Amino acid sequence: MASKRKKKPVCRLRDAIRAAIVTGTVIGGLLSNDSACAQVNVEQIVRQKVQPILPKNGSGGGIAVAVWMGGKTSFFNYGMADNAQNRPVTADSIFNLGSVGKVFATTLLAQAVKQAELSLDDPVAKYVTELQRGGDVRRITLGQLASHSSGLPNRPQEYETWHKGRYTWPDFIRFLNSWKAGPNHEPGQQYLYSDAAMVLLRVALERRFNNTRFAALMHQRLTGPLGMTSTALPLPRDLLGRAVQGYGPGGRSVGRPGMEGGTFEWPGSGQIYSSSRDMATFLAANLGELPGHGPIQNAMAFAHQGVFKVSPRLTIGLAWQIVSAGNFSIIDKNGGLNNTSTYIGFAPQRKLGVVILVNRGKQHATGIGRQIIHALAQDQSQPSSEGEPNPDGN
């Protein structure tokens, strides 16, 4: 929050620079004394809130933060993208988004709905025709997949406990066609977080648009028009050099930069990668703050609308969470694997938001992101804990 004590802007800026953490860098346009003061305020809030998850005692990892406020983006970077290479985190370091990537699929779905290319009420079997031979799966709609209300388990192994290893496409179809609804697993009747549902939604979108691979569909209809040149799945060779090394919660390296993991094993079923610079663009678009992108921003606004009410303080949109604390609402999405922790959230009524990308697993990115948003908005209510702990795994 802004200090009550008045200082000249230049002095405040000098003080903030002196106080900056050695591993942190601050990138932002200081175009005037007023913008400088706003920048210092943002920097102080971010630095304070991320302090608990900064790497300690030489352990691996770092944090990239992007804040949209006052019509501009500020970037704050801490720690290392790769300790072994002595490569620091920058706004162009590329992170595994984990389940934050789900909102790319649901934005594409919203866009197709707004353009009357499909409907949220369409059965998924209309497009994934292999499912027309199944049972209860034929009752599941695209909207239910996107709002975690399909009844499908998070991962197929929860239903097929005997299955070993990852799921190929034939494995997945077998599981879906044999799946049976039941108590707490009834299409449209409950909130049940499901990676399986979101992967199936990707396939349905591919089928609707002439079997176009999801990665190409995302580029053609969303990231390309927005100029997000560092967002892809899988990462092409020319971007691999900017990919961060992932680390476990204790700071030990896990996997290799750009590695795709998870339950499913076919093209387009893995995680999306992006940088904080690209995600800042995505954030601004979701806030309706990118001139010239009206149709995409209209689709994004549609994806934010509540579909399934989980509790008085939590409603699910198309993958987005709408959480409220007092009279203050945040729309957000989190992600996490054993080597990455991610968050994007915004207060639409205040036109401000934050992206947090951490290349360490099981970090408290969601809680910290909400704290930053409340602090920037100078809202005194306690940030909501709804939607935590992060259930993501893919």
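Modeller: One definition to begin: axes are lines fitted to C-alpha atoms, for helices over the stretch in contact, and angles run from 0 to 180 degrees between N-to-C directions. Helices (H or I, at least four residues) and strands (E, at least two) are DSSP runs, numbered from the N terminus. The model is predicted, with local features needing pLDDT of at least 70 and side-chain atom pairs pLDDT 80 or more, while totals for chains, interfaces and linings use all residues. Residues are numbered from 1 along each chain as its sequence is written, and side-chain values use heavy atoms, with hydrogens and water left out.

Biologist: At what angle do the axes of H3 and H7 cross?

Modeller: Roughly 60°, with the axes of H3 (residues 102-114) and H7 (residues 214-226) coming within 10 Å. The crossing is left-handed, meaning that the near helix is turned anticlockwise from the far one by less than a right angle.

Biologist: Which residues make the contact?

Modeller: From H3 they are Phe104, Ala105, Thr107, Leu108, Gln111 and Ala112, and from H7 Phe214, Leu217, Met218, Arg221, Leu222 and Thr223. Contact here is heavy atoms within 4.5 Å. By class, the residues of this contact are eight nonpolar, three polar and one charged. Ala, Val, Leu, Ile, Met, Phe, Trp, Tyr, Cys and Pro count as nonpolar, Asp, Glu, Lys and Arg as charged, and the others, Gly among them, as polar.

Biologist: OK, charged pairs. How many salt bridges does the structure hold?

Modeller: It holds 13, each defined as a side-chain nitrogen of Lys or Arg within 4 Å of a carboxyl oxygen of Asp or Glu. One of them joins Arg47 and Glu43, at 2.9 Å from N to O.

Biologist: How many residues apart are Arg47 and Glu43 in H2?

Modeller: Four, so about one helical turn separates them in H2 (residues 33-50).

Biologist: What about Asp171 and Arg174?

Modeller: They form a salt bridge with the closest N and O atoms 3.2 Å apart. Being three residues apart in H5 (residues 169-178), they are separated by about one helical turn. Asp171 is buried at 17%, whereas Arg174 is partly exposed at 31%. Elsewhere, salt bridges with shared partners join Lys102, Arg155 and Asp195 into one network.

Biologist: Staying with H5, which helix do its buried residues pack against?

Modeller: H6 (195-208). The buried residues of H5 are Trp169, Asp171, Phe172, Ile173, Phe175 and Leu176.

Biologist: And how many residues of H9 are buried?

Modeller: Nine of the eleven in H9 (residues 276-286), so that helix is largely enclosed by the rest of the structure. Among them are Met279, Phe282 and Leu283. Gly288 follows H9 and has a positive phi, near 70°.

Biologist: Last one, a strand. Where is Thr340, and what does its side chain reach?

Modeller: Thr340 lies in strand E11 (residues 340-347) and is buried, at 1% relative accessibility. Its side chain reaches the backbone oxygen of Asn96 at 2.8 Å. Leaving out residues up to four places away in sequence, Thr340 touches Asn96, Gly98, Gly335, Val358, Arg360 and Gly361.

How values were computed: Buried < 20%, exposed > 50% of the residue type's maximum accessible area, 1.4 Å probe, protein only. Polar contact = N/O pair within 3.5 Å; in protein donor to acceptor, adjacent residues only side chain to side chain.
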